[in-house]
Amino acid sequence: MKKRMTAKLGSAAAIVLTAGVFMGMSACAQESAIDPNQEYTITFWDINSSELDSKYKPREKALDEMAELYPNVKVETSYFQDLQYREKLPVSAAANELPDFFFNWVGGTTDALVKAGQVLNLTAYEDELVPMWEDAAADSCYSDGELYYMPSVMQAYMLYCNVDLLSEYGLEVPKTYDDLQKIISVLSENGVNAMTAGGKDYYPIAILQEIFDLRLAGSEMMLKQLNGEESFDTEITVKSAQLMADLYAKGGFPKNVLSMDSNDAFAQFTTGKAAMMYGGNWNSGMLDAAGLPFEVKVINFPSVEGEIDSNAMLGGACDIYMINSEVENPDAVIEWIKEFMKRFTKYQVEDGGCIGGWKIDDIDTTNMGPITQQQNELLTTATDMIRNWDLLMDFEKALNLYTKIEEVFVGQSDADTFGADMESIVRD
Amino acid sequence: MNYDGMPVFRINGTQVFEEVLMEKVLGNKKVVFAFIFPAAFIFSVFVLIPILMSVGFSLTNWQYGEPEISFIGLKNYGTIFTQNDGLFLKAVGNSLKYMFASVFIMVPLAFILASLLATGQKGGKIFMTILFLPVVISGTIVGQMWIKLYNYDYGVFNLLLRASGLGRFADDWLGNPQTAIWAVIITCIWQGMPYTLLMFYAAVKGIPEEILESAALDGAVGIKRMRYIILPSCRAILEVCLTFAVINSFKIYDIIVSMTNGGPMNATEVPSTQMITVLFRGYDYGRGSAMAVFIVLECLVCTLVIRKAMKERK
């Protein structure tokens with residue numbers, strides 16, 4: 001079994017637009033594992049418990065359709081808020097009280113659940129399932145080379161630029177790191193924030209170091225470093241940290257960047273108080289919905305001198321779903337989940353901003369705003385993609401790494417030692 | 001035995017004095033057991049057994065997902081202080097800062113305010129009501145409120161500094177690792193003080209008026225009255241307040257998570273945030289339990305120290 005951690009996304013347009021295999025509607029035509037004369041009950045846990053949450057409506061729509069398609073399958077749902085779920089999941093797992101089908105974040109309890117034997121091994125279904133998924137999404141569904149998870153939506157990070165604000169100071173959307181520095185220099189002289197980020201949430205700062213590292217080292221090298229085949233203590237790691245630190249040192253971020261969370265950063269961008277925001281694709285839908293009075297251009301992070309691939313993007317599957325290893329009628333449950341996930345993913349994509357982990361060919365783009373459409377076009381240019389690697393580490397190591405990155409970012413720690421520090425944190 | 005003035009009960013028409021009745025009741029072991037059992041049962045199930053279980057877990061290498069759990073003695077207690085560059089030690093240091101601020105700032109301030117409000121200051125009751133408000137607001141909301149007050153751009157503190165020509169001192173109070181912990185401690189004290197204040201207020205109100213009046217005749221007014229009359233009269237409550245202040249400073253969690261989430265750069269980590277991270281994010285139940293036991297021991301030791309110190313002062 002090949003565990004594919006990186007993916008060529010030459011055909012990334014497929015994420016939302018190009019043809020894939022959408023087998024849902026033909027499910028009934030094939031020999032079904034779901035016996036219409038038998039009653040089934042599936043217990044299902046997910047996050048986003050409020051109607052205002054992004055997943056809620058797409059999920060209810062998909063569940064309604066599934067109730068019509070399979071009236072003999074009763075689904076018992078329980079929804080939780082994120083923080084509540086982060087604690088509920090491990091506690092329920094320890095008490096062996098997991099439902100049949102449940103949500104998890106990549107890099108959370110995933111490997112621990114597998115090790116504990118509580119997740120159904122899907123390797124026997126691999127030939128059927130994996131061709132229905134985007135490559136970058138499928139990469140996130142393996143543990144020790146075995147297929148265990150199902151993807152939902154993917155994430156990718158991009159630079160959102162306020163074109164009007166930049167034009168006001170005679171500036172254009174940056175194509176290179178030098179352009180970025182020029183923008184920072186001009187805007188900071190005029191008391192305007194060039195970039196914004198929610199440093200309180202840690203990852204918005206970490207992804208800056210990670211995108212520089214991806215560009216300079218490439219995803220294969222990054223994965224070798226993570227797997228211990230190569231050291232992090234390299235000039236490239238140091239350079240990536242230095243490039244990140246220079247952005248802050250030159251006044252590229254607001255003074256309170258470390259006390260702002262992602263919502264504050266989003267508000268700063270949407271109110272025109274910051275010209276650029278490097279963030280996840282989920283911002284696209286929200287920016288469209290905000291009805292901004294200025295033009296927004298979505299671009300990949302500017303290219304850096306000495307980079308391997310200027311089209312490489314940070315991203316991959318983040319939301320995944322798991323099936324309990326003790327589930328009754330696994331064939332029937334998998335068939336139901338497969339049909340449900342295709343619909344659920346499709347409606348999340350159509351609802352705005354999401355990147356589907358399943359190949360879907362009948363996406364209705366009529367409700368998509370201009371920023372989401374720009375995002376989708378941008379994704380077609382991505383040639384290499386890797387998940388932000390803090391998600392690939394265990395949580396405590398990631399937290400230590402976040403702290404170290406923040407220290408370098410604000411100049412409290414030297415970038416020269418960052419490679420050695422990172423090596424020691426990851427190998428600890 | 002003199003039964004004059006003692007409360008009288010009638011059982012089956014016979015007069016029974018309270019003291020006699022109590023002696024009878026306490027002499028019956030079955031009755032004593034019946035009274036003690038419910039409380040002892042609840043205490044055991046919800047307090048004692050979980051603590052003992054935590055002690056047991058803390059002596060193992062139990063990590064969620066690992067098939068084997070083995071006894072490793074006190075190793076976790078060493079690991080919590082050495083792992084992650086001694087982050088837990090830093091967290092303990094932060095909780096000690098909060099403890100000192102509570103003991104040496106919050107408690108004296110609450111005592112002074114209570115003494116002033118309870119001894120005939122005009123509008124004392126209104127002030128008490130206003131001052132008590134923070135207690136009824138949840139920690140998360142208090143945290144969110146103070147985030148706005150500390151905001152670099154529009155926070156009231158920075159606005160005041162800028163308006164008074166001291167703009168150079170305006171800071172990102174929660175984003176600066178040097179100021180973040182103190183900014184959080186101020187918030188915690190703001191929320192915690194009214195509770196202490198209320199206890200002192202009740203204690204001061206309980207001092208007989210004649211004592212205060214005769215003290216005033218002897219010249220004990222103002223600070224002297226506070227030092228020599230009110231404070232000694234509130235000794236028992238002072239002990240309770242100090243104990244609560246210390247325990248709360250080791251238990252603090254919600255306000256920290258709401259305001260800084262332990263950041264920036266771990267500057268506001270406290271033992272409970274570390275414990276939750278290790279238990280529910282790192283799934284290391286052995287090490288997390290060691291942290292939990294450490295917090296319990298920390299509270300226990302400090303409580304004993306306070307009791308001993310107060311006893312000696314007596």
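Predicted model: local features only at pLDDT ≥ 70, side-chain atom pairs only at ≥ 80, totals over all residues.
**Exercise 1. A pair and its surroundings**

*Solution.* 
- Step 1: Residues are numbered from 1 along each chain as its sequence is written, chains are lettered from A and ligands numbered from 1 in the order in which they are written, and side-chain values use heavy atoms, with hydrogens and water left out.
- Step 2: Look for the partner. A:Asp362 meets A:Lys346 in a salt bridge, with 3.8 Å from N to O; the term means a side-chain nitrogen of Lys or Arg within 4 Å of a carboxyl oxygen of Asp or Glu.
- Step 3: A:Lys346 sits in helix H13 and A:Asp362 in the loop between strand E13 (355-356) and H14 of chain A, so the pair links parts 16 residues apart in sequence. Helices (H or I, at least four residues) and strands (E, at least two) are DSSP runs, numbered from the N terminus.
- Step 4: Elsewhere, salt bridges with shared partners connect A:Asp46, A:Lys55, A:Arg59, A:Glu60 and A:Asp319 in one network.

**Exercise 2. Where the chains meet**

Describe the interface of chain A and chain B, beginning with the residues in contact.

*Solution.* 
- Step 1: Contact here means heavy atoms within 4.5 Å. With that rule, 32 residues of chain A touch 33 residues of chain B.
- Step 2: The two chains bury about 2,700 Å² between them, with carbon and sulfur atoms giving 54%. Buried area is the accessible area (1.4 Å probe) that two parts lose on being put together, summed over both.
- Step 3: In chain A, the residues that lose the most area to chain B are A:Lys200, A:Lys255 and A:Glu396, together 22% of what that side buries.
- Step 4: Two salt bridges cross the interface of chain A and chain B. A:Glu396 forms a salt bridge with B:Arg287, where the closest N and O atoms are 2.4 Å apart.
- Step 5: On the chain A side, helix H2 (82-94), helix H3 (110-115) and helix H15 (395-409) are the elements that give two or more residues.

**Exercise 3. A helix and its packing**

Which residues of helix H12 (residues 282-290) of chain A are buried?

*Solution.* 
- Step 1: They are A:Asn283, A:Ser284, A:Gly285, A:Leu287 and A:Asp288.
- Step 2: These buried residues pack against strand E7 (153-162), helix H11 (262-270), strand E9 (274-280) and helix H14 (370-379) of chain A.
- Step 3: Just after the helix, A:Gly291 has a positive phi of about 55°.

**Exercise 4. One residue of chain B**

Is B:Gln191 buried or exposed?

*Solution.* 
- Step 1: B:Gln191 lies in helix H7 (residues 177-205) of chain B.
- Step 2: Its relative accessible area is 16%, so B:Gln191 is buried.
- Step 3: Leaving aside neighbours within four places in sequence, B:Gln191 has contacts that include B:Pro134, B:Val135 and B:Ile255.

**Exercise 5. Confidence**

What is the mean pLDDT of chain A?

*Solution.* 
- Step 1: pLDDT is the predictor's confidence in each residue, from 0 to 100. For chain A the mean is 87, and 92% of its residues reach 70 or more.
- Step 2: Over residues 1-29 of chain A, the pLDDT is below 50, and this stretch has 81 contacts in the model beyond near neighbours in sequence.
- Step 3: For chain B the mean is 88, and 94% of its residues reach 70 or more.
- Step 4: The model scores ipTM 0.79 and pTM 0.81.

Conventions
Buried < 20%, exposed > 50% of the residue type's maximum accessible area, 1.4 Å probe, protein only.
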